Each structure stands twice: as C-alpha cells, then as structure tokens.
Amino acid sequence: MVVPDPDVLLERGWLPPEAADRLFAALLQGLPWSVHRIRMFGRWVDSPRLSCWLGDPGTDYAYSGGRFEPLPWPPALAELRERLVLKLEAPFNSALANLYRNGNDYVGWHRDNERELGPHPFIASISLGATRRFVLRANDEPERQQEWSLEHGDLLVMAGSTQQHWKHALPKSAKVKQPRINLTFRVVRPD
Ligand SMILES: O=C(O)CCC(=O)C(=O)O
C-alpha cells in the first residue's frame, strides 16, 4: 500500500509574540500540572512531561492506559478555543496541555487515534516557549520521516488520515534548557 503524505499544515507565528508570551506565562503558573501515569510496554510509568486535560463536561479521555476527566477551561484557553473553532471550523471541545520542563522531557512515538477522536482525528496544536523538533514517521515505513521545528506561537494542524498512517514524537534534546508548553485541541465524541 502506498502511504499517503501526512495531512499537516503549519502556520508560523499564528499567535503574535506578545500574545504567546502572555499565554505561556498564564499557563505555566495557572494550570494544575501533574504527572500522568501511563502504560508503556506493559508497565505503568510516569509520563516524561507534565500534563493537564481540559475540556467541556463529558469529554473524558482515555490514552496510554489512563483515563482523564477534564478540568474546566481557564479564561485564557476558553478564548483561544473559540478562535480555533472559528478559524478551523471544527467543534474543539477539549485539549491536552503538555509541559516539557526542558529538553529531557519528551513524548515518544504514538498516534492520537483513540476511539473517542473518531476515524479522522482533527487536531490543532499550539506551541509556546522553547523551540522543539516534532517528527512524523510512516507506520509501515519507519525510515520515511518528516519533521518540523515548532516555535513560540506556531499552529500545527493534523487532519485527514494522518493518525491512521503516521506516528508522531517530540524527541529529547540535550541542548534545550527552557520549558515548552504544547496545547493539542481535540474533538472528543462522548459515547
Ligand atoms: O508537544 C507536541 O508538540 C506534541 C504533543 C503530542 O504528541 C500529543 O499531545 O499527543
């Protein structure tokens, strides 16, 4: 089978620097960050980053063996969600916030293909803080990779069959000493 190219769109600096600075500071201080317990290779481990699951009531989300109930939207994110809903015409009702404290924190190869995201997950990802590498690799051809350098204020959208055919990861980077926050807005369809 010929694996289709990932359906990925990057809009650099979608949030202007001052707005991105304000949001980064508000979230770093204001979100109740915690270590999620996840299942990897049959073992329960602490995820190598801090996280927070946010959303409308009823948007419980299960990933990597864990199940998370949403916290209500803080004002700064409620407004951002509205802007993304209008811009991308997608009914985003939840978001996973990740805090990578420095280059030792990472997310390993995975797909955002949980059942509650539907057959064609539509994901809008906002990057704040330190620049990090974001890599996609085709499931059946791991040597086929594409990567982006995600910067403060960037918006990356993953759509179509991307989650079906591609895994993604944010690798460790010893050079990165500063924190980064990532927000992935999602459409969860409750059962
Ligand atoms: O931090 C990122 O850019 C990616 C986060 C991610 O892969 C996820 O939340 O599923």
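A polar contact is a pair of N or O atoms within 3.5 Å; within protein, one atom must be able to donate a hydrogen and the other to accept it, and residues adjacent in sequence count only if both atoms are side-chain atoms. The model is predicted, with local features requiring pLDDT of at least 70 and side-chain atom pairs counted only at pLDDT 80 or more, whereas totals for chains, interfaces and linings use all residues. Residues are numbered from 1 along each chain as its sequence is written, and side-chain values use heavy atoms, with hydrogens and water left out.

View 1. In the side chain of Tyr100, an N or O atom lies 2.6 Å from an oxygen atom of the ligand. For His110, the distance between a side-chain N or O atom and an oxygen atom of the ligand is 2.8 Å. Arg180 places a polar side-chain atom 2.8 Å from an oxygen atom of the ligand. Taken alone, the ligand exposes 300 Å², of which the protein buries 97% (accessible areas come from the Shrake-Rupley method with a 1.4 Å probe, and for residues only the protein chains shown count as cover).

View 2. The ligand sits in the largest pocket. A pocket is an open set of points, on a 1 Å grid over the protein atoms alone, with protein on both sides within 12 Å along at least five of seven lines, and a molecule sits in a pocket if more than half of its atoms lie within 2 Å of its grid points. Two or more residues of the shell come from each of strand E7 (94-100), strand E8 (107-110), strand E13 (166-170) and strand E14 (180-186), strands being DSSP runs of at least two residues and helices (H or I) runs of at least four, numbered from the N terminus. The largest share, 4 residues, is given by E14. In total, 13 residues surround the ligand, and the closest are Tyr100, His110, Asp112, His168 and Arg180; a residue is near a molecule if one of its heavy atoms lies within 4 Å of it. The shell divides into 5 nonpolar, 5 polar and 3 charged residues, where Ala, Val, Leu, Ile, Met, Phe, Trp, Tyr, Cys and Pro count as nonpolar, Asp, Glu, Lys and Arg as charged, and the others, Gly among them, as polar.

**View 3. Thr184 and Arg186.** Thr184 is found in strand E14, and Arg186 also has its place in strand E14. Thr184 is buried, with a relative accessible area of 7%, and Arg186 is buried at 3% (buried means under 20% relative accessible area, exposed over 50%, and partly exposed in between, with a 1.4 Å probe and protein chains only). Their side chains are joined by a polar contact of 2.9 Å.

**View 4. Ser94 and Asn93.** Ser94, in strand E7, is buried, with a relative accessible area of 0%. The side chains of Ser94 and Asn93 are joined by a polar contact of 3.1 Å.

**View 5. Glu89 in its loop.** Glu89 is found in the loop between helix H2 (75-88) and E7, and it is exposed, with a relative accessible area of 72%. Although not a glycine, Glu89 has a positive phi of about 50 degrees. Most residues other than glycine have a negative phi.

Conventions:
1 Å grid on protein atoms, 1.4 Å probe; cavity = no way out; pocket = protein on both sides within 12 Å on 5 of 7 lines; lining within 4 Å.
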